[in-house]
Amino acid sequence: MSTRNDDIIARMLHHRASTLDGGEPVPAPIAMASVYMLPGTIDVPHQYGRFSNPTWDALEESLSILEDAESVAFPSGMAAIASVFTAHLSAGDRVLLPSDGYWTTRAYAEKYIRPHGIEIDYCPTGEYGARDLSGFAMVYIETPSNPGLDICDIAEIAARAKSAGALVVVDNTTMTPLGQRPLDLGADIVLASDTKHVSGHSDVLSGHIASRNSALIGPIREWRKFFGAIPSPFDTWLVYRGLKTLDVRFDRMCATAETIANRLADHPKIAAIRFPGLETHPAHALARRQMTRFGSVLGLTFSDAATAERFIAESRFIVPATSFGGVHTSAERRARWGDQVAEGYVRLSIGCEPADALWSDFASVLNAL
Ligand SMILES: Cc1ncc(COP(=O)(O)O)c(C=O)c1O
C-alpha cells in the first residue's frame, strides 16, 4: 500500500506536467530575469527580480508539495535561519536554542539577534524534554542535532511550547521531510539547509522555510523581498533538479548508512558509534517513532585526532570535506571547527556508493590503523 511519503513524492514529480499545455517544456526553464514587462499596470505575476521569479515558483511548488505547507526558497540554510529570527523575534523576547546544534546558528544569534534586546538561552538537544519552556517566544529545535546526532521528541516539546505561548521552529536539515515531518508533529515552522540532501550534488547552496500558517510564512517571504537574500535563478534550478531524485538518493544513503553502522558497531578500532538506527543510541526508541528513516550521517569516535584523521585520509571512498548529504561519502573531524565533541569524533556522511564497496574500503583502512 502506498504511504503518505509515496503519494507526496509521486505528486511532486508530476505537479508541473499537470499544469502544462502542448509544446511547453516539461522541466521548468531557468528564468534569468531581473525585470519583467509592466505595461501600464503592476498587477502581474512578476514585477521585479528581487520580489519573485518563475524558477523560484517551480522550486517552491515542489517544496510545498513535499512539506505539505507553503514554502519559501533561500540562497542558503543560514539565510533561511536569519529570516526566521528577524521576522519573528523582537526586543524583550526570549528564544531557546540547542547548545549542541549547528554552530553558526548560535554564532549568528549571539552576534546579530542578541544586540536587538532578545534574550538567548541554550539547552542540549537531549535535555529539551526536561526543560521548562515557559516564558519563551520561540523554541528552536534541531533533531538529530549536527554534529552529535542527539534526538528530542518534537511532538512532546511542540505541545508544551505552544501551550506556553511559544513559536516552535525545527531545523530539519539532517532528515529532510522524507525522513521526519516536524509540521505533522506540531511545529509551526520547519526550515532546512538544502545545500545538503535536498540539492544533493554538492554544487549549490540553498535553504527553505515552510509553514502551514500564512501569518508566519508571509513575513518570511516579505523579509526575503526587502532584505534581498534571494537565490539566483540558476542555483534555484539546480536545487529544483536535485529535488526530483531526493527520494532515491536519500533512500539509498539511509539504507547504506544503516548497513555500515551495524558493521562498524563492533569494530575494535572504533571507541564509540552514534547512529539513531542502532539500539545503543540513547533515543533509539524515539527515533523509531518519530523518524521514517534513520538518516545518512554517522558519528564515529576514534581514540584520538591522529587516528581519526588517518581513517579519513586513507579511505579511498571518503571525500575529506565539511557538509553532508551529498552523493559522495564525506567526513571530517568536527573538533577542528571547535564543536564540543571528542578530538577523535568524525562526522561521516554516507553517499550513494554501493554499501559493499564502502564497507570493504572502510574495513581495510580500519584493520590497518
Ligand atoms: C543543521 C544545519 N542547519 C543549517 C545549516 C546552514 O546551512 P547553509 O550552509 O546552507 O547555510 C547547516 C550547515 O551545515 C546545518 O548543518
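Guide: A polar contact of 3.3 Å joins the side chains of Thr322 and Arg334. A polar contact is a pair of N or O atoms within 3.5 Å; within protein, one must be able to donate a hydrogen and the other to accept it, and residues adjacent in sequence count only if both atoms are side-chain atoms. This is a predicted model: local features need pLDDT of at least 70, side-chain atom pairs count only at pLDDT 80 or more, and totals for chains, interfaces and linings use all residues. Residues are numbered from 1 along each chain as its sequence is written, and side-chain values use heavy atoms, with hydrogens and water left out.

Visitor: Where is Thr322?

Guide: Thr322 sits in the loop between strand S10 (319-320) and strand S11 (330-333). Helices (H or I, at least four residues) and strands (E, at least two) are DSSP runs, numbered from the N terminus. Thr322 and Arg333 are 11 residues apart in sequence, and their C-alpha atoms are 8.9 Å apart in space.

Visitor: Is Lys196 buried or exposed?

Guide: Buried means under 20% relative accessible area, exposed over 50%, partly exposed in between (1.4 Å probe, protein chains only). Lys196 counts as buried because its relative accessibility is 14%. Thr322, at 40%, counts as partly exposed.

Visitor: What does UniProt list for Lys196?

Guide: The unreviewed UniProt entry lists "modified residue: N6-(pyridoxal phosphate)lysine". UniProt positions are in the numbering used here, feature names are shortened, and annotations may be inferred rather than shown by experiment. In the model, Lys196 lies in the loop between strand S6 (189-193) and strand S7 (207-211). Leaving aside its neighbours within four places in sequence, Lys196 is in contact with Thr173, Ser323, Phe324 and Gly325.

Visitor: How many residues surround the ligand?

Guide: A residue is near a molecule if one of its heavy atoms lies within 4 Å of it. Here 14 residues surround the ligand, and the closest are Met78, Asp171, Ser193, Thr195 and Lys196. Helix H3 (residues 77-88) gives the most to this shell, with 3 residues.

Visitor: Which atom of Lys196 lies 2.7 Å from an oxygen atom of the ligand?

Guide: A polar side-chain atom. Ser193 also has a polar side-chain atom 2.8 Å from a ligand oxygen. For Met78, a polar backbone atom is 2.8 Å from an oxygen atom of the ligand.

Terms used
Contact means heavy atoms within 4.5 Å.
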